[in-house]
Amino acid sequence: MDKIQIKQIPAEYLSRVKGNVSDRVGLASKAELPEIVVSRLAQDRSPSVLMEVASRNDLTLEQVKTLNEPSRIVSMYDLRRRLFRNHDLSHECVKYLIAEEGLVESTILANPNIKAKEFIGIVKEQIELERSRYSVDRIIKSALSNRGIGNTILIALLEHIKSEHQYETLVEILVTHNESLTPRSIEWLWKQTNTRMKKKVLGIPTKLISGVTAHRNCSDELINKIVLGLEPEYIVDLFGYARMSIRENYVASREVVELLASQGMTGPDQVIKNTSIFIANHMGVVELTDRITQQLISVRNKEVQLALLKNGVLAGTSHEREAVDIMVSDSDELEREEWKYLEDSNLITEDHLVALASHRSWRVRQSVAESTRVPLAQLEVLADDDDSDVVRSATQNGRYHLVKHSVEYQRRAESNCEEMKRIHRGCSGVVAAINADTYAKDYTGFSEFGKAIELLASPEFSTFIETFSHKDRRELMKDGIDLDTLNLLSQFF
């Protein structure tokens with residue numbers, strides 16, 4: 001490409017083209033630049049600018065050739081890798097780079113712009129040029145992950161390169177690395193693999209099963225068919241030991257649920273737990289038998305119980321409260337989202353909140369303090385909690401204003417108790433001095449003052465302070481003070 005002169009650059013871009021490196025890097029990252037500006041930046045001397053240009057999605061063949069010139073910078077390796085990883089390059093750019101540089105990065109074969117009619121030929125040629133098994137594996141993996149070439153071409157590619165691998169291995173790579181496969185293609189691949197493996201009298205590899213069932217486009221019907229066709233030992237191995245990957249939104253049929261409940265709900269605790277979690281998460285709205293319901297409820301695991309509650313299969317049954325109780329009993333491990341679900345669904349009862357308000361974990365107490373249905377008595381207690389986060393949550397509760405006056409009164413009462421205790425300790429130390437004869441002779445009326453000091457230092461006043469310092473006893477005193485306490489207060493005041 002001929003050198004682009006500064007005078008050819010549009011005026012609005014001129015200052016940045018002539019600016020420092022950071023200005024030019026910023027300009028190179030800008031979308032929808034005029035072609036002449038990009039061409040000028042492709043001739044830049046700065047590696048940083050060239051790397052940014054190499055990532056653009058609108059490069060022409062001439063600009064790619066300019067970037068690939070050996071004389072551009074001292075080290076071309078990183079720049080070429082950036083070009084090879086740019087999946088927005090045109091088919092012509094891809095062919096040019098491979099012809100000029102070889103397969104610097106196999107990821108270039110995942111470029112969706114490669115023409116379908118030439119794709120298989122390009123891949124086969126690169127495989128034939130490689131002697132390293134590792135490099136061949138990378139080429140195959142990159143090619144099979146191409147999401148723009150079309151399912152038909154990818155499936156045809158398997159037949160052309162199967163000499164390099166077992167067919168089932170290639171299918172596993174394809175379904176694992178290419179999300180563009182359609183449900184129909186996935187089912188066709190599964191049938192082909194299944195037929196080939198039966199002819200060899202071999203079991204289907206676990207990785208392949210999981211690759212197919214975990215694919216986001218694998219249909220529920222195919223997953224059901226695969227699971228129902230598994231041997232009993234596969235059921236325990238794949239589900240009981242959590243080696244089975246299945247897409248998240250899969251909904252199992254009734255037959256699958258019953259199969260897993262009968263085959264996977266026996267044996268070690270780990271097997272029962274993992275199988276139960278799978279059933280609970282994927283059962284949809286299947287109507288459970290009493291036996292299966294009891295099996296799932298008996299697994300005291302919060303993930304199982306939460307899934308059952310969310311599915312609605314326990315709604316209106318006696319098991320619903322039991323599932324909530326199991327989750328609450330495991331409250332130390334409850335995530336905030338899980339607690340919020342129980343709260344928003346009105347599954348947390350007042351009894352639960354009362355019990356958890358005194359929980360040892362501050363996070364649990366905080367969750368209770370945030371509840372819109374926490375009883376006022378518990379909210380008042382939590383507003384005076386030892387943990388500042390719990391206190392903050394309680395005081396931010398929308399119902400806090402209903403207990404605010406009482407909370408503040410209790411705080412003042414506790415503060416006054418501490419002050420009275422200090423006075424009592426001080427008075428106890430001066431009782432002997434107050435009773436000295438010299439004071440009575442020198443100060444008129446000092447005997448009355450001495451009596452007051454003695455009263456503050458007396459055991460009765462200490463007992464009164466101790467009683468008043470306890471909130472529950474203080475509450476009783478508000479309803480009626482006993483005669484002795486009343487006499488003591490009348491003497492003091």
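**Reading the predicted model**

User: Is E130 buried, exposed or partly exposed?

Analyst: E130 has a relative accessible area of 29%, and the scale calls a residue buried under 20%, exposed over 50% and partly exposed in between, using a 1.4 Å probe and protein chains only. This is a predicted model, in which local features need pLDDT of at least 70 and side-chain atom pairs count only at pLDDT 80 or more, while totals for chains, interfaces and linings use all residues. Residues are numbered from 1 along each chain as its sequence is written, and side-chain values use heavy atoms, with hydrogens and water left out. On that scale, a value of 29% makes E130 partly exposed.

User: Which residues does E130 touch, not counting residues up to four places away in sequence?

Analyst: E130 is found in the loop between α8 and α9, where helices are DSSP runs of H or I with at least four residues, strands are runs of E with at least two, and both are numbered from the N terminus. Its C-alpha atom is separated by 9.6 Å from that of L103, which is 27 residues away along the chain. With contact taken as heavy atoms within 4.5 Å, and residues up to four places away in sequence set aside, E130 touches S135, V136 and I139.

User: Which residues are buried in α9?

Analyst: Helix α9 covers residues 133–144 and reaches 16 Å from its first C-alpha to its last, close to the 16 Å expected at 1.5 Å a residue, the expected span being 1.5 Å times one less than the number of residues. An α-helix has 3.6 residues a turn, so residues three or four places apart point the same way. The buried residues of α9 pack against α8 (116–129), α10 (151–161) and α11. In α9 they are V136, I139, I140, S142, A143 and L144.

User: At the start of α9, which backbone nitrogen does a side-chain oxygen of S132 reach?

Analyst: A polar contact is a pair of N or O atoms within 3.5 Å, where within protein one must be able to donate a hydrogen and the other to accept it, and residues adjacent in sequence count only if both atoms are side-chain atoms. At the start of α9, the side-chain oxygen of S132 comes to within 3.3 Å of the backbone nitrogen of Y134.

User: Which backbone oxygen does the side chain of S145 reach?

Analyst: S145 sits in the loop between α9 and α10 and counts as buried at 18% relative accessibility. Leaving out residues up to four places away in sequence, S145 touches A110, H177 and N178. Its side chain, at 2.8 Å, reaches the backbone oxygen of S142.

User: How are the rings of Y250 and F278 arranged: stacked, edge-to-face or tilted?

Analyst: Rings of Phe, Tyr and Trp (its six-membered ring) pair if their centres lie within 6.5 Å, with planes under 30 degrees apart counted as stacked, over 60 as edge-to-face and the rest as tilted, and the count comes to one aromatic pair. Y250 lies in the loop between α15 (232–240) and α16 (254–263) and F278 in helix α17 (residues 269–282), so the pair ties together parts that are 28 residues apart in sequence. Y250 is buried at 1% relative accessible area, as is F278 at 11%. The ring centres are 6.5 Å apart and the planes stand at 35 degrees, so the pair is tilted.

User: What is the relative accessible area of N346?

Analyst: N346 lies in the loop between α21 and α22, and its phi is near 55 degrees, a positive value in a residue other than glycine. N346 is exposed, with a relative accessible area of 55%.
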